[in-house]
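Subject: Structure handover

Hello,

Here is the structure for your records. My notes on it come after the display.

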Amino acid sequence: MTQLRTNTIRVYAVDPTANHDQCMQMLSDAGIYVIADLGEPQNSINRDSPQWNQQIYSRYTGVVDNLMKYSNTLGFFAGNEVTNMPNNTEASAFVKAAVRDVKAYIVQKQYRPIGVGYASNDDSQRSDLADYFNCGDAASSIDFWGYNIYSWCGTSSYRESHYQERTQEFSSYNVPVFFAEYGCNTEQPRKFDEVIALYGTEMTRVWSGGIVYMYYQEANDYGLVSVGSDDQATKLPDFTALSSQIARVTPSGVAMASYSPTNSPQPCPSKGSVWSANTTLPPSPNNAVCDCMVKSLNCTARSDIDDDAITTNFDYLCDPSNGDYCSGILANGSTGVYGAYSMCNSKERLAWAFNAFFMDQTRNNAQNTNPCDFNGAGRRQTPESAGTCRSVVSQAGDSGTGSITSAPSPASTSSGGGSASSSTGAASVLAVPAFDLGMLRMATYVTIAALIGAGLVLL
């Protein structure tokens, strides 16, 4: 990596329970920073059935807890190409809620200032996506924008690749933008001619560099190196080409002391046929609220219920033709209407639906003598609702559609593993040296302005 003059890498699907000390120290010794994706394939926001719930929140904050002790952690991606078609733009409301809540969590834990951003693909929704995540209050908007772009293929140019158009589009953006993935491989070996443009004078006034996809060779044939059975890396032709191109560039960056952005946030995109995400975001996950709700129920889900049973019961109970049992747990990113308990985990939300059905049947169907059975998936319990919980349940209302404006503080549920600190402060275990690659001298960050001003001006 150092032969490629690397100063930043992007990592996907980090294990928040593992100890990453050795890897992060090696990267630190090489002067390399890390931007980490918070999600992983089985535990992230799904574009087709988006949710922002306690389970995903715990995963995301677990990654934050695990990596925040390393001073060469540069930032986090709250989503990667979640919205990629006009029919799933509402999913962006859930990702923006994740941005909001992860940023709030970082502040609440008193970690050092660090950015939370989003990585977008290059499609027809690009402008609306960029505007949506940048608009509104700073507490819920991104700190940087990553762009996955593969439009420069083989022999191309600044104009033919549409780099010129993209540069113009982002010239008024008020947070750092960079290529979160690049390196089209339709022509092999890759030439990486785009490196000259990316780090040239026309683009560095807007773009903060880019991250080549990808380092290790896999089935998709994007690797720079292959690793054999002896765990030794062998350089591939793409490595040689990239190294040659990188050696030719000498971009100039913006010194921290000189960074003074004047651009303003973008206006939010108008809702229409190609953009449906509402600016009203889903509620913040709060396990204390969900615990209160479950305790208040007369009928709940058994603790050993499996995923198939959860899906089967949701399919029945949340079908409007069978009754209104799910208003309190549904979330609609297009209308901006969210049940008070829509942020709870699937078992807790099913418990709410079980109870709604139970209460309806108890009042209106005397012939149903066991309305809490659900083929053995449900059970009766004595409801509890005292103190703070009583207020929470009252605010949500019988339908669960009220707004909970005063709630107990959520208990800590993050799964940060390894030797990650569990204290409220950020442990600065590693001291990353300042380094100079002929581009920009980078140091540790003290304020948000320093992160934006230096940390992402050039990658």
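This is a predicted model: local features need pLDDT of at least 70, side-chain atom pairs count only at pLDDT 80 or more; totals for chains, interfaces and linings use all residues.

The protein has 459 residues, of which 52% count as buried. Its secondary structure comprises 13 helices and 13 strands. Taking contacts between residues at least 6 apart in sequence, 77% join residues at least 24 apart.

Salt bridges

The structure holds 10 salt bridges.

Arg10 and Glu181 meet through their side chains at 3.5 Å, N to O. This pair links distant parts of the chain, with Arg10 in strand E1 (residues 8–11) and Glu181 in strand E6 (residues 177–182), 171 residues apart. With the cut-off for buried at under 20% relative accessible area, Arg10 is buried because its value is 8%, and Glu181 is buried too because its value is 7%. Asp37 belongs to the picture as well: salt bridges that share partners join Arg10, Asp37 and Glu181 into one network.

The side chains of Lys69 and Asp21 form a salt bridge at 2.6 Å, N to O. Lys69 sits in the loop between helix H2 (54–67) and strand E3 (73–80), while Asp21 is in helix H1 (residues 21–29), 48 residues apart. Lys69, at 4% relative accessibility, counts as buried, whereas Asp21, at 29%, counts as partly exposed.

Lys103 and Asp143 are joined by a salt bridge of 3.1 Å, N to O. Lys103 belongs to helix H3 and Asp143 to the loop between H4 and E5, 40 residues apart. Both Lys103 and Asp143 are buried.

Helix H4

Helix H4 (residues 126–134) is mostly covered, with 7 of its 9 residues buried. Those buried residues are Arg126, Leu129, Ala130, Asp131, Tyr132, Phe133 and Asn134. Their cover includes helix H3 (91–108), strand E4 (115–121), strand E5 (145–149) and helix H5 (163–169). After H4 comes Gly136, which has a positive phi near 85°.

Surface patch

On the surface, Asp304, Asp306, Asp307 and Asp308 gather in a patch of negative charge. One of them, Asp306, lies in the loop between strand E10 (299–301) and helix H10 (307–317). Asp306 counts as partly exposed because its relative accessibility is 44%.

Regards

Methods: Residues are numbered from 1 along each chain as its sequence is written. Side-chain values use heavy atoms; hydrogens and water are left out. Patches are made of residues with over 30% relative accessible area and no salt bridge: like charges are joined within 9 Å, nonpolar side chains (Val, Leu, Ile, Met, Phe, Trp, Tyr) within 5 Å. Accessible areas come from the Shrake-Rupley method with a 1.4 Å probe; for residues, only the protein chains shown count as cover. A salt bridge is a side-chain nitrogen of Lys or Arg within 4 Å of a carboxyl oxygen of Asp or Glu. Lys and Arg count as positive and Asp and Glu as negative; His and the chain ends are not counted. The place of a charge is taken as NZ of Lys, CZ of Arg, CG of Asp or CD of Glu. Helices (H or I, at least four residues) and strands (E, at least two) are DSSP runs, numbered from the N terminus. Buried means under 20% relative accessible area, exposed over 50%, partly exposed in between (1.4 Å probe, protein chains only). Contact means heavy atoms within 4.5 Å.
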